[in-house]
Amino acid sequence: MGSRGPGRMMACCLLLAFACGPVLGRVPPGQEEQQEQEGTEEPLLDHEHAERAKDQHGGYSPRQGEEPPASRCYRCCDPGAPLYPTVPVPQINITILKGEKGDRGYRGLQGKYGKPGAAGVRGHTGPKGQKGSVGAPGDRCKSHYAAFSVGRKKPLHSNDYYQTVIFDTEFVNLYGHFNMFTGKFYCYVPGVYFFSLNVHTWNQKETYLHVMRNAEEVVILYAQVSDRSIMQSQSLMLALREQDEVWVRLFKGERENAVFSDEFDTYITFSGYLVKPAAEP
């Protein structure tokens, strides 16, 4: 170690003596009795000097048979150093300290609206919905469609006056413009219309009909008396105004005038449809 070893040892001893100086002067009770038996006598101080010494050094001189306080220091080399018992930490039951639940407070004021967030990702396409119901018909003056096609299954014979041909079978009647009770087509959409009349003649009888516009005879469908029955037709185009009426009339009975049909087949038909409405340029 050289010359540094003893120097270090001396420095450690000085530090230990400085730290434990007040304690080193105290003698444990066993050693004090041994010193008394051996005749070792220590110089006694009077009462005042002893109190001053206690105040200055903070020492404590225990009486015979009295245990030293728990804060007394011992040297590590002293035999029989006491082991101090561990003091348990007091436990507090928190549930005892908990009070009853208070009343609910008033609702606070609404805070300010935050900034709008960014737009989210577009979702998946949903399933196709069910087909909706048919809506109510619109204004007839603005409906640019009109069409009808009707038929008759009963034969018709002339009499002493003109007869309106009534139809009993409805094929097409768009928006109900053709009245099945009166046998007339009523114009609700002004414009150009196309009409067609088809009948089956009766053998040995004359066939005589008119296509009428209001009370005016427009065209005639005629077939002379013949030994055999045939199909006859007539067609035309008319420019109609609103509330005009188009219908078919059977001529009065000056001769044997009739049209043939039966309950199993339809031999008489009357049709018409709008070609161009007047509202279009």
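A salt bridge here means a side-chain nitrogen of Lys or Arg within 4 Å of a carboxyl oxygen of Asp or Glu, and the structure holds three of them.

Another of these joins Glu-217 to Arg-249, with 2.4 Å between N and O. This pair links distant parts of the chain, 32 residues apart: Glu-217 is in strand S9 (residues 216-223) and Arg-249 in strand S11. Strands are DSSP runs of E, at least two residues long, numbered from the N terminus. As for solvent, Glu-217 is partly exposed at 43%, whereas Arg-249 is buried at 10%.

Strand S11 (residues 245-250) turns up again with Glu-245, which pairs with Lys-184 in a salt bridge whose closest N and O atoms are 3.5 Å apart. Because Lys-184 belongs to strand S6 (residues 184-186), the contact ties together parts that are 61 residues apart in sequence. Glu-245 is partly exposed, at 22% relative accessibility.

A word on the numbers: residues are counted from 1 along each chain as its sequence is written, and side-chain values use heavy atoms, leaving out hydrogens and water. Since the model is predicted, local features need pLDDT of at least 70 and side-chain atom pairs count only at pLDDT 80 or more, while totals for chains, interfaces and linings use all residues.

Notes:
Helix = DSSP H or I, 4+ residues; strand = E, 2+ residues; numbered from the N terminus. Buried < 20%, exposed > 50% of the residue type's maximum accessible area, 1.4 Å probe, protein only.
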